[in-house]
Amino acid sequence: MNALSLPTWFIHIASVVEWIAAIFLVWHYADSISVPAWRYLSWGMVPALVGAMSAVTWHFFDNLPDLEWIVTLQASMTLLGNCTMALAAYLIWKQSRQVETAPSEESPPVSDAS
């Protein structure tokens with residue numbers, strides 16, 4: 001018998017599947033709005049996914065003491081994922097600021113005719 005109950009397993013696995021879906025949805029969102037910086041967020045989410053998969057693996061093997069290194073991997077990937085997602089958020093913000101301050105192609109240039 002495993003240490004986790006069936007409902008807990010369901011939540012763990014559903015969370016991993018949802019995270020994978022979120023990565024793909026963010027990638028497609030970047031394509032749909034033509035803002036490539038959103039792809040950085042997809043890539044930034046991958047270490048957190050590895051962390052989640054590490055946690056599931058740790059529980060799958062019933063928290064064996066020989067596999068305690070997986071807990072360290074999970075914590076490291078979670079930290080890395082938080083940092084990469086924060087960096088991606090900054091890059092998205094920076095690119096959105098550039099788009100807002102760029103001159104509009106629709107309005108004609110203002111001439112200074114005297």
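This is a predicted model: local features need pLDDT of at least 70, side-chain atom pairs count only at pLDDT 80 or more; totals for chains, interfaces and linings use all residues.
Asp62 has a relative accessible area of 35%, so I noted it as partly exposed; buried would need under 20%, and exposed over 50%. I placed Asp62 in the loop between α2 and α3. I then read its backbone: phi of Asp62 is near 55°, positive in a residue other than glycine.

I turned to Asn63. Asn63 also lies in the loop between α2 and α3. Its phi is positive, about 55°, and Asn63 is not a glycine either. With a relative accessible area of 28%, Asn63 is partly exposed.

**Helix α1.** I checked the length of α1, residues 6-33. At 1.5 Å a residue, its 28 residues should span 40 Å, and the end C-alpha atoms are 40 Å apart, so the two agree. Next I listed the buried residues of α1: Trp9, Val16, Ile23, Val26 and Ala30. I asked what they pack against, and found α2, residues 37-60. After α1 comes Ser34, and I noted a positive phi there, near 55°.

**The core.** I looked up the largest nonpolar core and found 15 residues. Leu41, Met45 and Met85 touch the most other members. α2 supplies the largest share, 6 residues.

Leaving out residues up to four places away in sequence, Leu41 touches Val26, Met85, Ala88 and Ile92.

Note on methods
Residues are numbered from 1 along each chain as its sequence is written. Side-chain values use heavy atoms; hydrogens and water are left out. Helices (H or I, at least four residues) and strands (E, at least two) are DSSP runs, numbered from the N terminus. The expected span of a helix is 1.5 Å times one less than its number of residues. Buried means under 20% relative accessible area, exposed over 50%, partly exposed in between (1.4 Å probe, protein chains only). Contact means heavy atoms within 4.5 Å. A nonpolar core is a set of buried Ala, Val, Leu, Ile, Met, Phe, Trp, Tyr and Cys residues joined through side-chain atoms within 4.5 Å.
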